[in-house]
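Hi everyone, thanks for coming. Have a look at this one with me, and I'll talk you through some charged side chains.

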Amino acid sequence: MNMKGLRRSQRTSALGPKAGALLCRGIWLLAAALATVSCGQTLTSFHPERREWAFDHLTVHQTTGAVYIGAVNRVYKLSGNLTLLVSHDTGPEDDNKACYPPLIVQPCSEPLVSTNNVNKLLLIDYSQNRLLACGSLYQGVCKLLRLDDLFILVEPSHKKEHYMSSINQTGSMYGVIVPSRGEDATLFIGTAVDGKQDYFPTISSRKLPRDPESSAMLDYELHTDFVSSLIKIPSDTLALVSHFDIYYIYGFASGNFVYFLTVQPETENSMSPSGSSADLFYTSRIVRLCKDDRKFHSYVSLPVGCVRNGVEYRLLQAAYLAKPGRVLAAALNISAQDDVLFTVFSKGQKQYHRPPDDSALCVFSIRDINARIKERLQSCYQGEGNLELNWLLGKDVPCTKAVSDADADLTP
């Protein structure tokens, strides 16, 4: 919700001119107040009980039009005209972010103080008529709330994997629910770990059973001594780049894949003992996984950004998946049923936490993104380039040419 400095101009996408062929004709975003207005009607608005209890996330039900807001210490349900229907208190509570594990698991020696609960995740589980709301208290405990009245269905809190996120910074966590007909859904979670990589995976997939009382709620999809449905930031990476983290800006499902858009420090030039936070360059990347990949073997990522008149816009600020209108679909050479990704980038690569006002609106078709990923994988199978996973592998790992049946020596 932090789109800044949106300008009226045409930007060219880094994925090619067609993917960026969007003419922005006067787009306005009201991020501080949630309001709707149309010609000849009175402006309607809704505000929290306290000024400092900011709104963090918003989602609108696709069928009913009900508006759900994740705020500091509250979850709200509003009607389509922003009339408050019901609210649910989530804080403040006595806590200390230094409690590992959280005090609700075992006593903590750290001093407890009244702490706000910042909403970090708000997702509608349409298949089960419930809302997943995760906050910053107790290292990121989540609740499942009934959509109708925000009644608590369950609040898992007795397992290590029930704690999702280690920091209070908003905008650094994102989740995607993947439903499955006749089976339990899957929840993909990406989160900043704030140096606590042993406690929090940077990305994982978890069970979302239909029965809210199931003992498997939010367990990892796969968890053994050898392989799990998660990826952690290695200790070696944090030893070389102490401020390394992956910030998850947006996530979505399309076709057979789940995607995340991230901002993270570049490791190719930063993984040296002399590196400091002031020297970090940031890169925005799009991450893709197969929906049914419980071992994360399909994990692949590519850099993403925009270039206009030689000026690079590389710091992702916000994104949204939608269907194109007729004119845009024609400009992108896709159908109106294809998915397109609208993104806002700030200029440069150095000031992620305080980005400059100069920004660009870019649009990518998911078809083009998948084509680029396919090209990247095929070139890697041919031994070209490297895996571009320095942060995970600790070094550049060259791609290895795949051995085909024609090349293989099958002699015993």
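So, which residues does aspartate 219 touch, leaving aside its neighbours within four places in sequence? They are Lys159, Glu161, His162, Ser205, Arg206 and Lys207, where contact means heavy atoms within 4.5 Å. Aspartate 219 sits in the loop between S17 and S18; helices (H or I, at least four residues) and strands (E, at least two) are DSSP runs, numbered from the N terminus. With a relative accessible area of 12%, aspartate 219 is buried. On that scale, buried means under 20% relative accessible area, exposed over 50%, and partly exposed in between, using a 1.4 Å probe and protein chains only.

Quick note on where this comes from. It's a predicted model, so local features need pLDDT of at least 70 and side-chain atom pairs count only at pLDDT 80 or more, while totals for chains, interfaces and linings use all residues. Residues are numbered from 1 along each chain as its sequence is written, and side-chain values use heavy atoms, with hydrogens and water left out.

Okay, salt bridges. How many does a search of the whole structure find? The count is 13, a salt bridge being a side-chain nitrogen of Lys or Arg within 4 Å of a carboxyl oxygen of Asp or Glu.

One of them joins aspartate 89 to arginine 74, at 3.1 Å from N to O. Aspartate 89 is in strand S8 (residues 84-89) and arginine 74 in strand S7 (residues 74-78), so this pair ties together parts 15 residues apart in sequence. Are the two partners buried or exposed? Arginine 74 is buried at 11% relative accessibility, whereas aspartate 89 is partly exposed at 47%.

Next pair: arginine 285 and glutamate 388, with their closest N and O atoms 3.0 Å apart. Arginine 285 belongs to strand S21 (residues 282-290), and glutamate 388 to the loop between helix H3 (366-381) and helix H4 (390-393), so the bridge ties together parts 103 residues apart in sequence. Arginine 285 is buried, at 7%, while glutamate 388 is partly exposed, at 24%.

Last one: arginine 210 meets aspartate 184 in a salt bridge of 3.2 Å, N to O. Here, arginine 210 is partly exposed at 41%, and aspartate 184 is partly exposed at 37%.
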